[in-house]
Amino acid sequence: MNTAIVTFSPTGTSSAIAQAISRGINPGEMKTIDVTRGEAVTKEFDSDTVVVVSVPVYGGHVAPPALQRLEHISGNNTPAVAVVVYGNRHYEAALDQLAEFLGNRGFRVIAAGTFIGEHSYSTAETPIATGRPDAEDLRFAEQFGKAVGQKLSTAPNAPAIDVSSIEKPVQDAEVMVSFQQTVMGWMQQGVPIPSAPQVDTNLCTGCGTCVDCCPTHAIPANSPSTTDAGVCIKCCACVKACPTGARTFPTPFAALLTKKFAEPKENKTLL
Ligand SMILES: Cc1cc2nc3c(=O)[nH]c(=O)nc-3n(C[C@H](O)[C@H](O)[C@H](O)COP(=O)(O)O)c2cc1C
Ligand code: SF4
Ligand code: SF4
């Protein structure tokens, strides 16, 4: 069976997980549709291809640009692996949303996974799941891919699974409530939440790395020390890629997430 990866992954963690799963299914084969820096694609898959779809979680949902750019992918009873990657807080509705999106487009979701990736807002001062997926996460993802391959070789027409029965991350309810209360308090007090990264013009060399990695073309090539906040999705790809540290995203969420979600969560899969 052929394999294909479909991903949107500004900071690379969703893509890394998809590659590891795909390696496990079929070490020799890795066709990739990566819509991170491109526009929407139109692509129809046949039933001889298993498609690994891996996307990040934003606000408990699939990152909106992923769904927009993948709106025109479709399958013909095509087996799919639905994967959401989240920054160690929670993924809430995202996996159900992705499975429904794929089901509505002719895919048969025969396996699913929820994986941890370093949080987009993570910094040296406010670490959140730093370095994940690490080597162990990638081994786990590859093993999962092997199990998907075995499932498909013994039951190529396996029916779609109910992804809502996947084991949920262990999460202290009090922590979740206090996180939500803190955020509501910020809103009531009008605590400023930045709508785009800021740039230290003294550190910016004009190298253009941020321009090339921005998924929404929010950074003008002729003025890379500026950002169009109207189209920025706060993915922090530019912050992580900037070689001089000129770009930062000083959101109060980073310290809060560090404080409340320090306990590493586990990847979960369902076949
Ligand atoms: C705007 C935004 C919202 C996010 N919301 C969540 C969330 O609700 N839960 C969570 O655990 N992580 C959240 N994250 C973190 C990402 O899901 C995580 O860092 C993921 O690994 C990023 O994937 P990528 O490397 O493929 O871009 C959010 C990140 C961003 C930029
Ligand atoms: S990557 Fe950093 S240094 Fe390079 S142009 Fe962008 S902000 Fe300036
Ligand atoms: S400018 Fe905004 S959308 Fe573009 S890479 Fe930076 S954070 Fe992401």
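Which domains does the domain assignment of the protein give? There are domain 1 (2–170 + 263–270) and domain 2 (198–250), with bounds that come from an automatic or database domain assignment. The model is a predicted one, so to speak of local features takes a pLDDT of at least 70 and side-chain atom pairs count only at pLDDT 80 or more, while totals for chains, interfaces and linings use all residues. Residues are numbered from 1 along each chain as its sequence is written, and chains are lettered from A and ligands numbered from 1 in the order in which they are written.

The C-alpha centres of domain 1 and domain 2 sit 27 Å apart. Seven residues from domain 1 and eight residues from domain 2 make up the contact, where two residues are in contact if their C-beta atoms, placed from the backbone, lie within 7 Å. On the side of domain 1 that touches domain 2, the classes come out as three nonpolar, three polar and one charged. Here Ala, Val, Leu, Ile, Met, Phe, Trp, Tyr, Cys and Pro count as nonpolar, Asp, Glu, Lys and Arg as charged, and the others, Gly among them, as polar.

Next comes the core. The largest nonpolar core holds 72 residues, and Ile21, Val53, Val81, Ala82, Val83, Val84 and Leu98 are those with the most contacts inside it. This core lies between domain 1 and domain 2, because both give residues to it. A nonpolar core is a set of buried Ala, Val, Leu, Ile, Met, Phe, Trp, Tyr and Cys residues joined through C-beta atoms within 7 Å. As for burial, a residue is buried if 20 or more other C-beta atoms lie within 10 Å of its own, exposed if 12 or fewer, and partly exposed in between, with C-beta atoms placed from the backbone.

Now for the strands. Helices (H or I, at least four residues) and strands (E, at least two) are DSSP runs, numbered from the N terminus, and two strands pair if DSSP finds at least two bridges between them. Strand β4 is mostly covered, with eight of its 10 residues buried. Parallel to β4 runs β1 (residues 2–7), joined to it by six bridges; Ala4 has Val51 as its bridge partner in β4, and Val6 has Val53. Strand β7 also runs parallel to β4, again with six bridges, and Ser54 has Val83 as its bridge partner in β7. The hairpin of β4 and β5 has two residues between the strands, and Gly59 in it takes a positive phi near 55°.

Strand β1 is largely enclosed by the rest of the structure, because five of its six residues are buried. Four bridges also join β1 to β2, and these two run parallel; in β2, Val6 has Ile33 as its bridge partner. The loop between α1 and β2 (31–34) is where Gly28 is found. Gly28 counts as exposed because it has 6 C-beta neighbours inside 10 Å. The C-alpha atoms of Gly28 and Asn2 are separated by 9.5 Å, although the two are 26 residues apart along the chain.

That leaves the ligands. A residue is near a molecule or strand if its C-beta atom, placed from the backbone, lies within 6 Å of it. Around ligand 1 there are 24 residues, of which Thr13, Ser14, Pro56, Gly87 and Gly117 come nearest. The elements that give two or more residues to this shell are α1 (13–25), β4 (49–58) and β7 (78–86), and β4 supplies the largest share, three residues. By class, the shell around ligand 1 has eight nonpolar, 13 polar and three charged residues. Domain 1 and domain 2 each give at least three residues to the shell around ligand 1.

Ligand 2 has 14 residues around it, with Cys204, Cys207, Cys210, Pro224 and Cys242 nearest; the shell splits into seven nonpolar, six polar and one charged. Around ligand 3 there are 17 residues, and Cys214, Ala218, Cys232, Cys235 and Cys238 come nearest. The shell around ligand 3 has 14 nonpolar, two polar and one charged residues.
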